[in-house]
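The following explanation moves from the fold of one chain to its interface with another, and ends at a single residue. Please keep the sequence and the three-dimensional view at hand while reading.

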Amino acid sequence: MAEHTLHVALRQDGPIPLDVGFTCGPGDTLAIFGPSGSGKTTVLRSIAGLYRPAVAMVQAGGETWSDSARGVWVPPHRRHVGFVFQDYALFPHLTAGGNVAAALTDRPRGERQARADACLAQVHLQGKTGRRPHELSGGERQRVALARALAREPAVLLLDEPFAAVDRAVRRHLQDEVAAVRRSLDVPAVLVTHDLEDVVRLATHVLLLDGGRVVAHDTVSALMRRPDLPGLVDAAGPGTVFDAVVHRHDRERGVIELAFDGGRIVAAGTAPAGTRVRARVPARDVILATTLPDGLSVQNVLTGVVRTVAASEEHDAVMVDVAVGGLVLAAEVTRDAVRRLALAPGRPVHALVKAVSIDVSAMASAPPPR
Amino acid sequence: MDWQAFRVSLSLGLWTVALLVPVGMWAGHGLATRTFRGKALLEAAVAIPLLLPPTVLGFYLLTVFSPRSAVGAAFERLAGASLAFSFPGLVLASIIINLPFVIQPIQRAFEAIPADVRDAAACCGLSPWQRFLRIEVPLAWPGILTAMILTFAHTLGEFGVVLMVGGNLPGETRTLSIAIYDRMQAFDDTSAGIMAAVLLVMAVVTLMATTALSQRLVKRRG
């Protein structure tokens, strides 16, 4: 599997400053997150060979696509990438089927139509094969773009702000679509976005970019608990992200019980039992207690042990990490609370979380099959 | 009605279109998609025939075509015939004066294709040549068609340069426009009138054809 890992190293001083290096394994989805102008799209274009930075090293699918040190540069049409553009970039003169078939020119003529139809069916567009882009809705165009990117069985899937041009209602549906497609493909995927929801719902890893430089690079759950990261935290505040499975769905109470590594937690929402989900608990919605009062409305009382207490100069709040089984839950409390409860590593505490505070989304990226 | 002149005009128009459109597609595509040193200068040079009086252009072309110039002499050695006052010379002159009429609309048409669409075609595995034939030319087709029709119509109507370079040799360089002038000089108003009407009808028909074709293309694409 190692040879299918995407290796990227890009560096130049101008005109677009870049200093980026990362790897992305097959089955992983790396979200490149950052403000506009941070070089996100340039990184994606450099992988596809549409942009040529001064110093570039790109390896994917066991091939070297760029290696400026050795003078290697494979033109974009010989790189097996599936690229979904922000504005879809469909070919307006071709039908949906024709758009997908255009990516299949390396296959025998007779096979193309069947393969194009299969790809369109995968994104639930069977029956719209004969439509031209202007006869399709925004969401449908997006799905044609996705089918076109998948058609040639890419060695790497590149998504440039894939949901920016559709409205919120369609977006969630499309995210699920991308997630499903993503699962069917055991290749690295790189997603450029400035929407936190995309990150939480689709990514396994995050690369935080600012001014062409990597600010942070880690798994989604690791990055989400860090209070010091601009951009990511501005969007939602620090919190804990973890993967879980729906254990029970209680329709009457309108809640779902989630099983995670080391316990159960109740969240508001609906999802059939067995669904893999990703949950996010904002750190400021976690209450810590050393003893439990009676008559609480809170559904979740998690018992654990304080692992770290991190105070920072700029923030009045203190981040306290509590180990609950295999889960490390981040809680944001005041300095005063730290003093009153004598919070220190090793101290047993109860973490109280309201069911409505937990943000649950059907999980998008499955971990790579091993 | 001078049918011989009509045939000369028609074949001059068709030859010009046939030889010029590939040149225009190559040049227009290059100017639309590439950046290089001296591009602005080249674009200005292409537009020169639009501004120069036909007689001035004709004078310079005739000078170059003359057997006393290097170009004219070389052609005469190779082809055994003179460029000046001959049909091949007329075609060459027609190509030069029509350059802006072909290159500019084609360049605009290629420029109108979004860069993302071009990039998407590359990411679909299409080679530069496949991208050109399957994606860019079909999308630029209305512009290419406009260029073809403009060139054809413009060639039929060209008078000054044709007279300077080609003279008035029946069956060789006498086009309809020249024949009209010729008939008028001979006080043969009826013949001149018929030929003028033929050119008018052809102009109206080509215009209608362009409009109809481009409307169909627009409807197909939305």
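In chain B, residues 24 or more positions apart account for 71% of the contacts whose separation is 6 or more. The model in which these contacts are found is a predicted one.

The secondary structure of chain B consists of 10 helices and zero strands, so that the order of elements from the N terminus reads α-α-α-α-α-α-α-α-α-α. Along the principal axes, the C-alpha atoms of this chain fill a box of roughly 65 × 45 × 30 Å. Chain B has 222 residues, of which 45% count as buried. Its accessible surface amounts to about 11,400 Å², and carbon and sulfur atoms hold 70% of that area.

One helix may be examined residue by residue. Helix H9 of chain B spans residues 176–185, and its buried residues are B:Leu176, B:Ser177, B:Ile178, B:Ala179 and B:Ile180. After H9(B) comes B:Phe187, which has a positive phi, near 55°.

The next topic is the interface between the two chains. Here 22 residues of chain B are in contact with 23 residues of chain A. The area buried between chain B and chain A is about 1,800 Å², with carbon and sulfur atoms giving 65% of it. Which residues form the salt bridge between the chains? The count between chain B and chain A is one salt bridge, and the partners are A:Arg45 and B:Asp119, whose closest N and O atoms are 3.0 Å apart. Three residue pairs in polar contact are also found across this interface, with both residues of each pair at pLDDT 80 or more. On the side of chain B that touches chain A, helix H6 (115–123), helix H7 (128–157) and helix H10 (189–221) each supply at least two residues. By class, that side of chain B comprises 11 nonpolar, four polar and seven charged residues.

A:Thr240 belongs to strand E12 of chain A, which covers residues 239–250. Is A:Thr240 buried or exposed? A:Thr240 counts as buried because its relative accessibility is 0%, and the cut-off for that class is under 20%. Beyond its neighbours within four places in sequence, A:Thr240 is in contact with A:Arg225, with A:Ala279, A:Arg280 and A:Val281, and with A:Leu327, A:Val328, A:Leu329 and A:Ala330. For A:Ala330, the backbone nitrogen lies 2.8 Å from a polar atom of the side chain of A:Thr240.

Terms used
Residues numbered from 1 in each chain as written. Chains lettered and ligands numbered in written order. Heavy atoms only, no water. Contact = heavy atoms within 4.5 Å. Buried area = accessible area lost by both parts, 1.4 Å probe. Salt bridge = Lys/Arg side-chain N within 4 Å of Asp/Glu carboxyl O. Polar contact = N/O pair within 3.5 Å; in protein donor to acceptor, adjacent residues only side chain to side chain. Helix = DSSP H or I, 4+ residues; strand = E, 2+ residues; numbered from the N terminus. Nonpolar A, V, L, I, M, F, W, Y, C, P; charged D, E, K, R; others polar. Buried < 20%, exposed > 50% of the residue type's maximum accessible area, 1.4 Å probe, protein only. Areas by Shrake-Rupley, 256 points an atom, 1.4 Å probe, with all protein chains shown as cover.
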